[in-house]
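This briefing concerns the structure shown below.

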Amino acid sequence: VICSQSEEYNSRQELCNGTNEGPILRNPGNHDKGRTPRLPTSADVEFCLSLTQYETGSMDRMANFSFRNTLEGFASPSTAISNVSQSGLHNALHIYMNGSMSQVQGSANDPVFIPHHAFVDSIYEQWLRRHKPLREVYPEANAPIGHNREYYMVPFIPLYRNGEFFISSKELGYDYEYLLEPASPFQAFFIPYLEQARQIWPWLVGAGVIGAIISMTISGLIKLGTRKKKRTSEETQPLLMEGENYQHITYQSHL
């Protein structure tokens, strides 16, 4: 685990160098039940998705009826009322894992972090598709440092503003398999064949290129052989042909 002891590094006024951090820690289920009584349910997710407002005030933990705050886990997943003493939805799994995932500084080092946040992102994607908010809905001011709409996301390169990602993943060039729209019967029939073609197309292209090279080589050899044969035939013809009558031909010039 890298840099999970931020307070210790701060007290020593040193930068984290990743040494002496120890292995990834997990003790799932043996967490503080008072803070996280249970893991989220599908009903919790559906209630969160039903919230129509992305943000209802300052972008902080005290926001009520805020989709963002409820999904993040600082508001109740059944009432959308802020309750910082408990952790719901996104935060719930971090607490439940009771280890490296429960520490903000080192949680991303646990491989569970990736699928967990991918699923949270897919919930956000569902909300965007359902409510289709305008970019202006994303807070322009009063957000935590670096989170206002026109602020750049750091430390990522190239630079993008927060508001530029307040759009569907389809516009960003990716999608979630379980969110794909059902295919029509026509598409369903051809999709397996298209998938097979996608897998073998490099071989087909390679075979086509090799076939073209072989065809050009054979064609070139045939043309070369034909040209050589024609030239040889012309060179072996006699100057005087037997069928011609040379009796009336004279080589004397008229004076």
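**Ser87 and its surroundings**

Leaving aside neighbours within four places in sequence, Ser87 makes contact with Arg35, Thr36, Gly73, Ala92 and Ile95. The model in which these contacts occur is a predicted one. Ser87 belongs to the loop between α3 and α4. Its relative accessible area is 8%, below the 20% limit, so Ser87 counts as buried.

**Overall organisation**

- The chain contains 7 helices and 0 strands.
- Read from the N terminus, the order of elements is α-α-α-α-α-α-α.
- Of the 255 residues in the chain, 26% count as buried.
- Among contacts between residues at least 6 apart in sequence, 49% join residues that are at least 24 apart.

**Helix α4**

- Helix α4 is mostly covered, with 8 of its 9 residues buried.
- The buried residues of α4 are Leu89, His90, Asn91, Ala92, Leu93, His94, Ile95 and Met97.
- Two of these buried residues, Ala92 and Ile95, are also among the contacts of Ser87.
- The buried residues of α4 pack against α2, α3 and α5.
- Asn98 follows α4 and has a positive phi, near 50 degrees.

**Helix α2**

- Helix α2 spans residues 42-50, and its buried residues are Asp44, Val45, Cys48 and Leu49.
- Viewed down the axis of α2, these buried residues fall within an arc of 135 degrees, so they line one face of the helix.
- An α-helix has 3.6 residues a turn, so residues three or four places apart point the same way.
- Ser42 and Ala43, on the other side of α2, are exposed.
- The cover over the buried residues of α2 includes α3 (67-72), α4 (89-97) and α5 (113-131).

**Largest pocket**

- The largest pocket holds about 1300 Å³ of space.
- Its lining consists of 37 residues, and those nearest the centre of the pocket are Tyr54, Asp121, Tyr138, His147 and Met153.
- Helices α3, α5 and α6 (169-172) are the elements that give two or more residues to this lining.
- Helix α5 supplies the largest share of the lining of the largest pocket, namely 6 residues.
- By type, the lining of the largest pocket divides into 24 nonpolar, 7 polar and 6 charged residues.

**Second largest pocket**

- The volume of the second largest pocket is about 470 Å³.
- This pocket is lined by 18 residues, of which His90, Asn91, His94, Val104 and Ser107 are the closest to its centre.
- The elements that give two or more residues to the lining of the second largest pocket are α4 and α5.
- The largest share of the lining of the second largest pocket comes from α4, which gives 4 residues.
- His90, Asn91 and His94, which lie among the residues closest to the centre of the second largest pocket, are also among the buried residues of α4.
- The lining of the second largest pocket divides into 6 nonpolar, 9 polar and 3 charged residues.

**Annotated span**

- An unreviewed UniProt entry assigns the annotation "transmembrane region" to residues 200-222.
- In the model, residues 200-222 are 100% helix and 0% strand.
- The end C-alpha atoms of residues 200-222 lie 33 Å apart.

Note on methods: Residues numbered from 1 in each chain as written. Predicted model: local features only at pLDDT ≥ 70, side-chain atom pairs only at ≥ 80, totals over all residues. Heavy atoms only, no water. Buried < 20%, exposed > 50% of the residue type's maximum accessible area, 1.4 Å probe, protein only. Arc of directions from axis to C-beta. Contact = heavy atoms within 4.5 Å. 1 Å grid on protein atoms, 1.4 Å probe; cavity = no way out; pocket = protein on both sides within 12 Å on 5 of 7 lines; lining within 4 Å. Points joined across faces, edges and corners; volume = space filled by probe spheres on them. Nonpolar A, V, L, I, M, F, W, Y, C, P; charged D, E, K, R; others polar. UniProt positions renumbered as here; feature names shortened; annotations may be inferred.
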